[in-house]
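Here is a structure to get to know, one piece at a time. Take a look at it before reading on.

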Amino acid sequence: MDSIWDFLGSYWWLVFPLSGIVGGWIRGAQVWDERRRKDKLEMYRLKHADAQAAQVDDEALTSEIERTLSAHDDTQRRWLEYELDAVKALEYPLMQDMREQVTVDFHRARRAAEDLRPDDVDELRVRRRLDRYRDAVREMQVRFDVAEREAKRRRASDFSPAERQALDRAKKLLALADDEGSSQAERQSAYRRAMKELEGIVVLPDAATDALEQRIAGLLGPVPRDVARDDDAAGGAGHRPGT
């Protein structure tokens, strides 16, 4: 122990340069520790930023899928209004006329969208599949809007005056057939007379006639005698003029 103190007593001047060296080591260690701490914080921030970005991307993708499916369903619903409502089908016959190019274009686009819609919507999380389906739905929407605008513009203008009168009578009769306040006999008679009015003019969608028949209990059953007599008495009144 005495030798250490003897050494320090003889070389006390070394304390100052050594203290500078030791201080430099300490400051260097502090700087390195602070830098390592900052690096860890930055790595943590980047890691969680990537996770947050991935979550945002996933939520955006889910939202896009839901919007596309909703747009498809909405256009299908609008189209089905013409398929299931017999009176509306007569108001705008172009929507059922496959001789019209705008109608053909819509149904072609509708089938394309249906073909691209998967049973498992998670398949749409593949960006390429979603893009193709979304574009098909947009095309379907555009084609439907074009067909509907043309149908509303033309309505029944393509028919002769006599045919338009027959269509008007058929619409009134179908409304009576669908009126729950009317008697069973009245509804059955109105339905049959409406179908006679439409012979050779317009063919209603099967879905529309099926839906109407289901709402008229016993429509497909035997016609009561008084209904048959009413139909016979109506004679040509229920027929399109000129037939």
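What follows is a short tour of some helices, loops, salt bridges and a pocket.

## Ground rules

This is a predicted model, where local features need pLDDT of at least 70 and side-chain atom pairs count only at pLDDT 80 or more, while totals for chains, interfaces and linings use all residues. Residues are numbered from 1 along each chain as its sequence is written, and side-chain values use heavy atoms, with hydrogens and water left out.

Helices here are DSSP runs (H or I, at least four residues), numbered from the N terminus. Let's begin with helix 6, which covers residues 161-177. The expected span, by the way, is 1.5 Å times one less than the number of residues. Buried means under 20% relative accessible area, exposed means over 50%, and partly exposed is in between (1.4 Å probe, protein chains only). In helix 6, the buried residues are E163, A166, L167, A170, K171, L173, L174 and A177. The cover over them includes helix 3 (86-91), helix 7 and helix 8 (206-215).

Helix 7 takes in residues 184-198, 15 residues in total. From first C-alpha to last it reaches 22 Å, close to the 21 Å expected at 1.5 Å a residue. Its buried residues are R187, Q188, S189, A190, Y191, A194, E197 and L198. After helix 7 comes G200, with a positive phi near 80 degrees.

## The loop residue S182

Between helix 6 and helix 7 there is a loop, and S182 is found in it. Is S182 buried or exposed? With a relative accessible area of 13%, S182 is buried. Leaving aside residues up to four places away in sequence, S182 touches L176 and R187 (contact means heavy atoms within 4.5 Å). R187 is also one of the buried residues of helix 7.

R155 sits in the loop between helix 5 (127-154) and helix 6. It isn't a glycine, yet R155 has a positive phi of about 45 degrees. Its relative accessibility is 37%, so R155 counts as partly exposed.

Which side chain meets that of R155 in a salt bridge? The partner is E91, at 2.4 Å, N to O. E91 belongs to helix 3 and R155 to the loop between helix 5 and helix 6, so this pair ties together parts that are 64 residues apart in sequence. At 22% relative accessibility, E91 counts as partly exposed. R154 has a salt bridge too, this one with E100, and the closest N and O atoms are 2.6 Å apart. Because R154 lies in helix 5 and E100 in the loop between helix 3 and helix 4, this pair ties together parts 54 residues apart in sequence. R154 is buried, with a relative accessible area of 15%.

Side chains of opposite charge can pair when their charged atoms come close. For the count here, a salt bridge is a side-chain nitrogen of Lys or Arg within 4 Å of a carboxyl oxygen of Asp or Glu. How many salt bridges does that rule give? The count comes to 28.

Another of these pairs is E81 with K88, whose side chains meet at 2.8 Å, N to O. E81 counts as partly exposed, at 31% relative accessibility. There is also a network of salt bridges that links E64, R127, D131, R134 and D135.

R67 has its place in helix 2 (residues 15-84). It is exposed, with a relative accessible area of 52%. R67 and R134 are 67 residues apart in sequence, but 9.3 Å apart in space, C-alpha to C-alpha.

V126 is in the loop between helix 4 (101-116) and helix 5, and at 44% relative accessibility it counts as partly exposed. V126 and L61 are 65 residues apart in sequence and 9.5 Å apart in space, again C-alpha to C-alpha.

## The largest pocket

On a 1 Å grid over the protein atoms alone, a pocket is an open set of points where a 1.4 Å probe fits, with protein on both sides within 12 Å along at least five of seven lines; lining residues have an atom within 4 Å of a point. The largest pocket holds about 240 Å³ of space, a volume being the space filled by probe spheres set on the points, which are joined across faces, edges and corners.

Its lining has 13 residues, and P93, D97, R99, F159 and V202 lie nearest the centre. The lining divides into six nonpolar, one polar and six charged residues. Here Ala, Val, Leu, Ile, Met, Phe, Trp, Tyr, Cys and Pro count as nonpolar, Asp, Glu, Lys and Arg as charged, and the others, Gly among them, as polar.

Definitions and conventions:
Helix = DSSP H or I, 4+ residues; strand = E, 2+ residues; numbered from the N terminus.
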